[in-house]
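The following note sets out numbered points on the protein chain shown below. Each point is meant to be read with the coordinates open.

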Amino acid sequence: MFQASEIKNRIINSEKAAGLLEDGWCKADLHVHTCCSHDVPPAWQTHPAHLLEKAKNTGLDFVTFTDHDTVKAYDLLGWDRENLVPGVEISIKDTENVGHTVHVNTYTFDREQFMEMEHLARERRDIYSLIDYLRDNDLPHTYNHPFWFKFGEKPNMFAVPELVRQFPVIEYNAQDLKQKNFFSMMLAQRHNKGTVVTTDSHTGGIGRVYTVAKGDTFEEYFSNIVKGRSYMVMEEPSWKHFASEVGGLMELLFSIDKEIWEETGFSTGVGAFDKVLSALAMDTPWKSTGLNKATSGVARQISGSRLPVLLHMLTKRSQVTKIERMINA
């Protein structure tokens with residue numbers, strides 16, 4: 001029978017985590033985006049080199065960047081950096097088995113394996129073929145934000161519990177609604193799955209939350225997560241993480257770097273939006289110190305308020321109700 005207290009016991013504060021880390025446990029934030037993702041502004045704050053250094057200074061033992069369907073970050077940094085774990089967030093829309101887009105994080109692959117995964121996702125569009133490939137190649141993988149649904153798609157919520165059964169680890173996404181994360185953890189517990197908490201940061205907020213487990217190697221670390229021998233470390237409520245990302249995004253829009261844009265080959269895929277961002281990247285009055293300071297001030301005010309999350313909650317209220325009915329059916 002489901003016990004809410006068991007989920008709460010898997011989430012600890014940094015003080016308790018510090019004791020575990022002193023005993024040799026490791027920590028990692030397993031879902032982070034760099035400016036190589038199509039939805040992250042190309043700024044130094046989100047450049048892979050900057051984030052790698054920030055991660056080390058934050059004390060992360062394993063660092064991974066999980067950009068959307070690209071491994072450009074590793075091409076820039078090198079694939080064999082110490083404690084840098086190849087990662088990617090694969091997007092796959094399986095209309096036959098699922099009906100909506102699913103995001104899967106996978107780790108420790110090489111470039112050839114990445115190409116094979118991309119082929120399965122883009123050409124085969126069969127989530128079960130992708131999962132079989134990950135299993136056959138012993139590639140660690142997680143089911144990201146199970147109750148997140150791409151805008152414009154009609155979600156098939158009844159496919160989610162079956163998908164949870166197929167994955168070794170389920171994500172608690174620090175930016176998602178608390179209720180939706182709670183439902184994900186319910187399913188993870190029901191099916192005896194490992195759990196991780198991640199920032200899913202698109203603004204350079206790597207390591208604000210993290211998962212701790214033992215392991216001299218990433219494979220051992222992840223294996224202990226799968227076995228439930230881990231804790232999720234998160235002290236602030238989800239709404240603060242979400243609001244911080246909104247404020248951080250506003251600041252990044254006025255910090256776009258033309259050289260980084262060219263280096264990463266950045267493109268949102270939307271021509272009109274790319275033109276606006278390109279204008280912000282140029283040396284124009286928009287780059288003035290006064291404007292940047294004003295923008296940063298507004299962004300900080302927004303990130304410190306509940307307004308973004310309240311608006312988000314209002315738009316997702318009916319969805320949360322439907323998920324609850326499905327979970328308790």
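1. His 145 is buried, its relative accessible area being 7%; buried here means under 20% relative accessible area, exposed over 50%, and partly exposed in between, with a 1.4 Å probe and protein chains only. Although His 145 is not a glycine, its phi is positive, at about 25 degrees. The residue is found in the loop between β6 and α7 (159-166). Helices (H or I, at least four residues) and strands (E, at least two) are DSSP runs, numbered from the N terminus.

2. The model is a predicted one, in which local features need pLDDT of at least 70 and side-chain atom pairs count only at pLDDT 80 or more, while totals for chains, interfaces and linings use all residues. Residues are numbered from 1 along each chain as its sequence is written, and side-chain values use heavy atoms, with hydrogens and water left out.

3. Asp 138 is placed in the loop between α6 and β6 (141-143). With 66% relative accessibility, Asp 138 counts as exposed.

4. For the protein as a whole, the secondary structure comes to 14 helices and 10 strands. Of its 329 residues, 51% count as buried. Among contacts between residues at least 6 apart in sequence, 71% join residues at least 24 apart; contact means heavy atoms within 4.5 Å.

5. Two packed helices are described by the angle between their axes and the distance between the axes. Helix α5 (residues 111-124) packs against helix α6 (residues 127-136) at an angle of about 165 degrees, and the axes are 9 Å apart. Axes are lines fitted to C-alpha atoms, for helices over the stretch in contact, and angles run from 0 to 180 degrees between N-to-C directions. The helices α5 and α6 are therefore roughly antiparallel to each other; angles under 35 degrees count as roughly parallel, over 145 as roughly antiparallel, 65 to 115 as roughly perpendicular and the rest as oblique. The crossing of α5 past α6 is right-handed, that is, the near helix is turned clockwise from the far one by less than a right angle, anticlockwise being left-handed.

6. Which residues make the contact of α5 with α6? From α5 they are Gln 113, Glu 116, Met 117, Leu 120 and Arg 124, and from α6 they are Ser 129, Leu 130, Tyr 133 and Leu 134. By class, the contact of α5 with α6 comprises five nonpolar, two polar and two charged residues. Ala, Val, Leu, Ile, Met, Phe, Trp, Tyr, Cys and Pro count as nonpolar, Asp, Glu, Lys and Arg as charged, and the others, Gly among them, as polar.

7. Helix α6 also meets α7: their axes come within 11 Å and cross at roughly 15 degrees. That makes α6 roughly parallel to α7. The crossing of α6 and α7 is right-handed. On the α6 side the contact is made by Ile 127, Tyr 128, Ile 131 and Arg 135, and on the α7 side by Glu 162, Leu 163 and Gln 166. The contact of α6 with α7 holds four nonpolar, one polar and two charged residues.

8. In the largest nonpolar core, of 65 residues, Phe 65, Met 117, Ile 127, Leu 130 and Phe 147 touch the most other members. A nonpolar core is a set of buried Ala, Val, Leu, Ile, Met, Phe, Trp, Tyr and Cys residues joined through side-chain atoms within 4.5 Å. Leaving aside neighbours within four places in sequence, Ile 127 is in contact with Ile 92, Asp 94, Asn 97, Val 98, Val 102, Val 104, Leu 163 and Phe 167.

9. Is Ile 170 buried or exposed? Ile 170, in strand β7 (residues 169-173), is buried, with a relative accessible area of 0%. Not counting residues up to four places away in sequence, Ile 170 touches Tyr 143, Pro 146, Val 164, Ser 184, Met 185, Ala 188, Lys 193, Gly 194, Thr 195 and Val 196. From C-alpha to C-alpha, Ile 170 and Met 185 are 7.5 Å apart in space and 15 residues apart in sequence.

10. Ser 238 lies in helix α10 (residues 238-253) and counts as buried at 9% relative accessibility. Leaving aside neighbours within four places in sequence, the contacts of Ser 238 are Tyr 172, Ala 174, Asp 176, Lys 178 and Asn 181.
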